[in-house]
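This briefing walks through a structure with the sequence and coordinates at hand.

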Amino acid sequence: MTYIPISPNERDAMLETVGVKSLDDLFEAVPAKHRFPRLNLPPALTEMEAMQELSGLAQANENVQSDLISFLGAGMYNHYIPSVVDHILRRGEFYTAYTPYQPEISQGTLQAIFEYQSLMAALTGMDVSNASHYDGATATAEAVNLAYAQFRGKRKKVVVSPTVHPQYRAVIRTYVQGMELTLAGDDPNTNLDSQPDDLANLIDEDTSLLVIQYPDFFGRVYDYTKLIEAAHAKGALVCVVANPTALALFKTPGSMGADVVVGDGQPLGIPMWYGGPSVGFFTTRKNFVHKMAGRLVGETVDNRGQRAYVLTLTAREQHIKRERATSNICTNQGLIALGTAVYLSLLGKKGLRQVAELCYQKAHYAAQQLSQIDGMGLCFSEPFFHEFALCVNRPVAEVNAHLLEHGILGGYDLGQDYPALKDHMLIAVTEMNSKEDIDVLVEVLSEVSHG
Amino acid sequence: MNAPANLKYTKSDEWFDPATGAMGISDYAQSQLSDIVFVEILVDEGDTIEAGKPIASVESVKASAEIYASAGGKVAAVNKGLSDKPETLNSDPYGEGWMVKVEGGAPGDVMDSGAYEKYCEERSH
């Protein structure tokens, strides 16, 4: 299909229709001196010169592949990505962010999305998955929309655990503007040692949704079964924000009774890049499927009785349901979702569990070694997955600057979100960190402590 | 196309039964929507509803529609079984497919079956 945005004939026809002679006439309303300002740009470079210039700039960046050892997580994690993932993502047939409407010409993409949905439903222990959101934060906010729609706006309160990712909580606050909802629990000054079951006290008959994170922002793992039961007793729904890698090792949110499970798919074979793009997964129970935002691919048979895939239950979506739809977002991250599906297929159930076990074991080795440094210590005593809060007893920025001099990307500064955790950093350890890497971290932090 | 004579009809294709206070969607409406896959009644028992205001939302394989009250009054009963069997709206729109019953129902802008049949016929041309 040829697509030429505008031909001279078409341009002239449009100019005639609006009643001007030339394109310049269109800009007459702009004062002449502002119309074509001199931009003071240097002379244009040749392709070869431009490439050299850009490569030089790119080399000034440091990255976790070749330059730095990373202990930074807090929502984005440095995992090994098998090279097959990238090879499949770069195939022209898949190279689009969009879900296809025409099953006649899109069976490959539709099947890939169906596989993605099946994998996500299995991983989270839920019935149904949509074909993705932008990222974990927006997927979480869409859970608020689902609960709001489920109670037809009659329940006005959402309880958000303070140990949900601070940026996810910020996105929820943005989404609920103008919805006349009250957010409870979303307070960084809350006692972070309090147990999740204490959140039950905030849930009442006016609560539509409880949002909790698993493992929580500090890496801690709790069995939320009782808390979820307590929320259900008040008629509220429960959304669990989950780390997908952790789900290979621990009880699924589905088996704990969650109504919605969301999270960021980045740990599943997607690079950290410069913080995105990523993919948000969203799974729920069958009875909420009509209130779920986003695309949904289903399996059916074609007119010859052969297995085929097609977008399904589209009447719930915004382009048909308009202002009565749960959400006005149906955009997805088709390509990145495909990347996670390829990653999961390559690793398989055992492979993913192996990744999760490596993360767990290495993080626990690191925590044990770091906690022995004089003047430092673990902040919490609960079981954790691959992240933990470490008290470094001096400004985290200072500590991280020192680590960077040794080629180490230090932990996330928790003081910026939680005043009580000033001088605490969140350290993430994955299968990418060797024992030697961890020992170097311990050594450099010991120097910091004594220096 | 079937429009029982004992019922009253709205221009938005809902019916009202003055004898029982029941209301739902017409045979014409269900055939236009095609296979209905989801229904959600938006009012509860005891609510006071106004003719012309939404009482339900339905989704078919190709469309989504808001269903409006054909009469005002106090909601005496809601057909709770419908959400599990939305296809009832296709198979029995005037019987098992009733949506809401009101007490002392005051019909809104309604017509009798003859006028409604003519109205549907005009639209199908």
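This is a predicted model: local features need pLDDT of at least 70, side-chain atom pairs count only at pLDDT 80 or more; totals for chains, interfaces and linings use all residues.

## A helix and its packing

**Helix α13 of chain A**

- Helix α13 of chain A covers residues 435-450, and because its 16 residues at 1.5 Å a residue should span 22 Å, the 23 Å between its end C-alpha atoms agrees with expectation.
- The buried residues of α13(A) are A:I438, A:L441 and A:L445, and because they cover an arc of only 55° around the axis, they are on the same side of the helix.
- On the other side of α13(A), the residues A:K435, A:E436, A:E443, A:E447 and A:H450 are exposed.

**Chain A as a whole**

- Chain A contains 13 helices and 15 strands, and its C-alpha trace spans about 80 × 60 × 50 Å along its principal axes.
- Of the 451 residues in chain A, 43% are buried.
- Among the contacts in chain A with a separation of 6 or more, 74% are accounted for by residues 24 or more positions apart.
- Helix α1 of chain A (residues 8-18) has 11 residues of which the number buried is 0, so this helix lies largely in the open.
- The residue that follows α1(A) is A:G19, which has a positive phi, near 85°.

**Two domains in chain A**

- The domain assignment divides chain A into domain 1, made of 69-82 + 350-450, and domain 2, made of 83-343.
- Taken over C-alpha atoms, the centres of domain 1 of chain A and domain 2 of chain A are separated by 28 Å.
- Where the two domains of chain A meet, 28 residues of domain 1 are in contact with 27 residues of domain 2.
- On the side of domain 1 of chain A that touches domain 2 of chain A, the elements giving two or more residues are α11 and β12 (387-391) of chain A, and α11(A) gives the most, with 7 residues.
- The residues on that side of domain 1 of chain A divide into 19 nonpolar, 4 polar and 5 charged.

**Nonpolar cores**

- The largest nonpolar core has 115 residues, and those with the most contacts inside it are A:L209, A:L210, A:V211, A:C239 and A:V240.
- Helix α11(A) gives the most to this core, with 16 residues, and the core draws at least three residues from each of domain 1 and domain 2 of chain A.
- Leaving aside neighbours within four places in sequence, A:L209 is in contact with A:A143, A:V144, A:A147, A:V158, A:A236, A:L237 and A:C239.
- A second, separate core has 32 residues, and B:I55, B:V78, B:L82 and B:W98 are included in it.

**Contact between chains A and B**

- Chain A brings 7 residues to the contact, and chain B brings 10 residues.
- On the side of chain A that touches chain B, the residues divide into 2 nonpolar, 1 polar and 4 charged.

**Backbone features in loops of chain A**

- Most residues other than glycine have a negative phi, and most peptide bonds are trans.
- The peptide bond from A:Y214 to A:P215 is cis, with omega near -10°, and A:P215 lies in the loop between β5 (207-214) and α9 (225-233) of chain A.
- Another cis peptide bond joins A:G276 and A:P277, with omega about 0°, and A:P277 lies in the loop between β7 (260-264) and β8 (280-284) of chain A.
- Although A:E180 is not a glycine, its phi is positive, at about 55°, and A:E180 is placed in the loop between α8 (166-176) and β4 (182-184) of chain A.
- Because A:E180 has 9 C-beta neighbours inside 10 Å, A:E180 counts as exposed.
- A positive phi of about 60° is also found at A:N393, which is not a glycine and lies in the loop between β12 and α12 (396-405) of chain A.
- With 15 C-beta neighbours inside 10 Å, A:N393 counts as partly exposed.

Key. Residues are numbered from 1 along each chain as its sequence is written. Chains are lettered from A and ligands numbered from 1 in the order in which they are written. Helices (H or I, at least four residues) and strands (E, at least two) are DSSP runs, numbered from the N terminus. The expected span of a helix is 1.5 Å times one less than its number of residues. A residue is buried if 20 or more other C-beta atoms lie within 10 Å of its own, exposed if 12 or fewer, and partly exposed in between; C-beta atoms are placed from the backbone. The arc is that of the directions from the helix axis to the C-beta atoms. Domain bounds come from an automatic or database domain assignment. Ala, Val, Leu, Ile, Met, Phe, Trp, Tyr, Cys and Pro count as nonpolar, Asp, Glu, Lys and Arg as charged, and the others, Gly among them, as polar. A nonpolar core is a set of buried Ala, Val, Leu, Ile, Met, Phe, Trp, Tyr and Cys residues joined through C-beta atoms within 7 Å.
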